Amino acid sequence: MASKLLFDGSDWNFETISNTIIACGEIAKELKLNTYKNQIEVITSEQMLDAYASVGLPIMYKHWSFGKRFSKEKDLYKQGKRGLAYEIVINSDPCISYLMEENTACTQTLVIAHAAFGHNHFFKNNYLFRQWTDATSIVDYLIFAKNYIEQCEEKYGEETVRELLDGAHALMMNGIDRAKRPTKLSLTKEKQKQAERQAYLQETVNDLWRTLPKSKKEKVIKDDNIFPPTMQENILYFLEKHSPKLESWEREVLRIVRKLSQYFYPQYQTKVMNEGWASFTHYYIMNRLWETGQINEGSMLEFLQLHTSVLWQPEFDSPYYSGMNPYYLGFEMFHDIKRICTTPTEEDREWFPNIVDKNWIDVCLDAVANYRDESFIRQFLSPTLIRKLKLFIVTDISTADHYTVNAIHDSLGYKIIREQLANSYEIDDWCPQIAVTKADIKGTRELSIRYKRINGRSLNQSWKQVAMYIHKLWGYPVNIETDDGAFLGTVQ
Amino acid sequence: MTDFIVIDRRKNPTGKNLPNRQRFIKHTKKWLSDKIKKSPHGDITDQGDKDIGIPVDGINEPKFDYDYDSGIWDKVLPGNKEFQKGDQIEKDKNNNGTGKGAGHGQSEDDFVFSINREEYLDILFEDLELPDLVKKTEKATTTWQTVRAGFRTWGPPPSIDILRSYKNSLGRRFALAKPLDKKIEDLEAEEETEEIKLEIEELKRKRKFIPWIDPLDIRYRKWDKVAIPNTRAVMFCLMDVSASMGEKEKEIAKRMFLLVYEFLYRKYKKKVQIEFVKHTDEAFLCDEHEFFYGTVSGGTEISSGLRKISDTIREQYPVDSWNLYVVQATDGDNWTTDNIATQDFLLKLLPIVQYYVYCEISDGISKTDFFYEVTLTSVWEIMKNLERKFSSLVTIAIEDVNEVIPKFRDIFLPKKEK
């Protein structure tokens with residue numbers, strides 16, 4: 001392929017951007033990428049900070065916590081302690097990626113390859129995103145949410161809405177059914193249902209309705225049942241549907257927060273894969289651009305410098321260590337898959353009999369489509385990579401006065417390390433399982449919330465504040481207990 | 001794959017986050033006010049942003065999370081060097097070297113963020129006010145302002161409200177079902193039968209009886225006159241710039257006046273005039289730039305400044321329609337021969353002003369210091385005496401730059417809150 005340079009030096013204009021997208025698109029075909037239509041938006045660093053603060057979404061309702069995030073990011077940026085992310089990309093159709101105007105032509109190319117092709121493909125193809133989010137309607141839904149909350153602020157006062165949102169935000173991670181498949185977001189359906197819901201919910205909590213005589217049959221069934229009949233781990237949903245005190249607009253606000261939580265849920269679970277795949281894609285595309293003479297040596301060096309400044313893993317005893325770097329781990333794993341497919345060792349043949357000698361692109365695409373971090377690591381983390389990262393397991397028992405090394409990167413340890421690393425990406429490992437077990441709706445209206453203890457861990461003290469929020473939303477006493485019978489306390 | 005669009009959003013309005021920031025500042029107001037109002041280290045001459053620390057428990061966003069110091073944690077870590085399976089590592093209580101989980105559950109430390117000068121001053125001045133500002137308003141001539149006050153059914157033709165009248169006409173025509181021209185045209189276009197002819201005639205007749213606009217529809221704009229209370233006020237900033245005022249004293253005085261200036265400008269905008277007066281052994285009016293940056297020097301006659309103020313009041317600010325305020329800053333090092341004259345002028349001024357702040361900048365020797373005589377000047381004594389007689393006079397002493405903001409807040413804090 002005889003090509004000429006896309007750009008020379010660091011300057012760029014809109015023609016450069018367009019040509020770069022076309023060139024990246026050509027190479028993306030080699031990777032068989034299947035993407036949403038790309039919408040590339042050029043923005044200023046100020047606007048990037050704005051987007052940052054509203055959790056990476058283009059439109060967001062107003063809340064002080066976003067102002068807090070903004071202040072924090074801005075100060076860090078101004079002090080030079082943190083550069084702005086190279087990219088923000090939105091899981092929408094068309095897929096919106098931001099390019100910052102201060103970036104050099106090379107950085108823009110990197111961002112296009114990374115976000116507009118890597119992330120874009122991931123959003124469109126990964127099963128979690130397909131199940132949990134509807135890319136075509138997210139922007140519309142955000143507009144709806146923003147306007148709705150604005151109206152509420154006008155009608156009921158900023159302070160009232162803030163308190164409600166504070167409570168809902170505290171329960172954001174408890175606004176998902178971890179074990180259940182959700183229905184997708186759809187604006188038209190949402191709006192349709194909204195009116196019905198309002199009327200219906202008002203009815204169900206309207207005291208007048210209780211005075212109507214009920215058929216005996218119905219009564220018997222209900223009295224015998226414990227409410228809710230099964231544990232309800234989606235606390236936001238439970239409060240939205242069953243709280244005796246909320247007004248219909250308050251239920252709608254809870255619903256908005258819950259829906260956003262659902263939108264983000266796949267991202268929490270695919271951080272390693274998503275970033276890994278985007279990095280893998282940009283690495284491939286940049287190298288191909290270089291090979292085909294479309295970027296020059298200077299740009300290539302600049303790219304490598306950018307690449308290595310993000311994709312590295314500090315060791316556990318380094319002052320820079322703050323957990324596994326998802327970019328690095330994911331990137332290395334996809335690279336490792338390519339290696340296993342193309343030049344397998346005896347060990348790889350033993351560990352990965354079903355992918356050796358297969359087309360590496362197909363294997364990678366299959367992984368992107370059908371796995372999340374936890375299953376991806378459980379399936380594809382190879383002994384080679386464990387050795388490269390020199391992974392080991394340290395067991396920390398809070399009552400002991402020492403840590404114990406439980407496994408290292410040797411033949412005895414590979415499987416244990418792989419399992420353990422996979423486990424640590426299970427949502428239960430970093431976010432406690434909390435569920436509503438009982439709501440005494442016929443009597444005292446007390447609500448019981450249960451924490452499922454794993455590995456003997458306790459909740460940290462902030463549970464008291466969260467319980468306070470639940471209490472505010474529920475309106476009656478809230479009991480917090482653990483599944484092994486410990487009673488943590490009551491908020492009333 | 002060539003399906004894409006590139007959009008230049010750089011011209012889009014920035015500051016999308018401003019409402020969020022305002023909400024954040026509002027949310028943290030309690031802590032912010034505390035910090036700002038109690039901190040003596042504020043510096044309003046600094047144009048840049050200010051770092052303000054907020055106690056984290058006020059603004060944290062709680063969620064259910066693990067206590068990372070409890071239970072069992074199996075951590076997968078990179079970079080093993082010498083460890084073998086079964087090795088035991090002493091826990092170092094001061095060192096969290098092994099990190100927490102897989103990078104999850106980061107804890108929030110103290111939250112420090114910066115607010116800009118505007119936000120800072122707004123909070124600093126928020127609860128302050130000029131005392132007794134309304135005292136003279138009833139005496140002053142009231143001005144009248146005409147304001148819109150809805151509609152009425154009668155009035156002069158020029159005040160007909162066309163839109164409102166047209167709305168009424170439209171409603172009336174709908175209500176009376178005035179036949180539309182189009183309907184008649186449509187009928188006329190049809191075949192001419194007797195029936196249709198009759199119908200057309202009926203419609204035309206109806207149309208004639210329902211006028212397009214009726215006197216009933218007409219609405220006139222109504223205007224009311226509203227009395228605007230006249231709260232005219234003037235603030236005299238009187239600064240001693242004589243030779244005895246050292247750099248430090250001048251710095252303190254300027255900071256004081258800068259606060260006064262910013263405070264009046266922010267809270268009262270154009271309602272309060274500010275007159276700057278500098279004095280040595282003679283006094284002159286000047287503009288703000290000259291006041292803050294100009295250099296003159298000489299001996300000290302406080303009475304010269306007071307005379308200048310009295311003259312200006314006589315010439316420009318009739319006592320019966322202006323609220324008068326004075327803030328004076330001096331080191332109190334007056335020529336003793338001038339003290340009598342000073343007192344005389346004060347006796348004339350104090351009964352007519354709303355509020356007189358005498359701010360003495362002393363040389364920094366603590367007045368309670370065991371080894372030194374009380375270093376108060378004779379002017380201070382005069383002032384203290386007068387303060388007992390006149391409630392409008394307040395005397396303060398400032399020794400250090402750090403006292404400026406707290407003392408300033410004291411002066412302008414409404415009395416009930418003191």
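How many residues of domain 1 of chain A are in contact with residues of domain 2 of chain A? The answer comes in point 2.

1. **Ground rules.** This is a predicted model, where local features need pLDDT of at least 70, side-chain atom pairs count only at pLDDT 80 or more, and totals for chains, interfaces and linings use all residues. Residues are numbered from 1 along each chain as its sequence is written, while chains are lettered from A and ligands numbered from 1 in the order in which they are written.

2. **Domains of chain A.** Chain A is divided into domain 1 (14-126 + 270-305), domain 2 (313-428) and domain 3 (430-491). These bounds come from an automatic or database domain assignment. The centres of domain 1 and domain 2 of chain A, taken over C-alpha atoms, are separated by 26 Å. Here is the answer to the opening question: 14 residues of domain 1 of chain A are in contact with 17 residues of domain 2 of chain A. Contact means that the C-beta atoms of two residues, placed from the backbone, lie within 7 Å. On the domain 1 side, α4 and α13 of chain A each supply at least two residues. The largest share, eight residues, comes from α13(A). That side divides into six nonpolar, five polar and three charged residues. Nonpolar covers Ala, Val, Leu, Ile, Met, Phe, Trp, Tyr, Cys and Pro; charged covers Asp, Glu, Lys and Arg; the others, Gly among them, are polar.

3. **Helix α13 of chain A.** Helices (H or I, at least four residues) and strands (E, at least two) are DSSP runs, numbered from the N terminus. Helix α13(A) holds 21 residues, 271-291. At 1.5 Å a residue it should span 30 Å, and its end C-alpha atoms are 30 Å apart, which agrees. The expected span is 1.5 Å times one less than the number of residues. α13(A) is mostly covered, with 17 of its 21 residues buried. A residue is buried if 20 or more other C-beta atoms lie within 10 Å of its own, exposed if 12 or fewer, and partly exposed in between, with C-beta atoms placed from the backbone. Just after α13(A), A:G293 takes a positive phi of about 70°.

4. **Cores.** A nonpolar core is a set of buried Ala, Val, Leu, Ile, Met, Phe, Trp, Tyr and Cys residues joined through C-beta atoms within 7 Å. The largest one has 142 residues, and those with the most contacts inside it are A:C24, A:V253, A:I285, A:I337 and A:I470. Helix α4 (residues 105-125) of chain A gives the largest share of this core, eleven residues. A second, separate core has 51 residues, including B:M235 and B:V326. Back in chain A, A:V253 touches A:I149, A:C152, A:L164, A:L165 and A:A168, leaving aside residues up to four places away in sequence.

5. **Where the chains meet.** Chain A brings 85 residues to the contact and chain B brings 59. The chain A side divides into 37 nonpolar, 30 polar and 18 charged residues. One residue to look at is A:Q47, in helix α2 (residues 45-53) of chain A. A:Q47 counts as buried because it has 22 C-beta neighbours inside 10 Å. A:Q47 touches B:R9, B:N12 and B:T14, not counting residues up to four places away in sequence.

6. **Strands across the chains.** Two strands pair if DSSP finds at least two bridges between them. Strand β4 (residues 392-397) of chain A runs antiparallel to strand β3 (residues 72-77) of chain B, joined by six bridges. A:I393 stands opposite B:V76, and A:I397 has B:I72 as its bridge partner. β4(A) also pairs with strand β5 (residues 402-407) of chain A, antiparallel, over three bridges. Those two form a hairpin with four residues between them.

7. Four strands form an open sheet of mixed pairing, in the order β2(A)-β3(A)-β1(A)-β1(B). Its edge strands are β2 (89-90) of chain A and β1 (4-8) of chain B, each pairing on one side only. Strand β1 (residues 38-43) of chain A runs parallel to β1(B), with five bridges. A:Q39 stands opposite B:I5.

8. **Chain B.** Its secondary structure comes to 13 helices and 13 strands. Of the 418 residues of chain B, 27% count as buried. Chain B is divided into domain 1 (23-60 + 110-126), domain 2 (146-224) and domain 3 (233-417). The C-alpha centres of domain 2 and domain 3 of chain B lie 71 Å apart.
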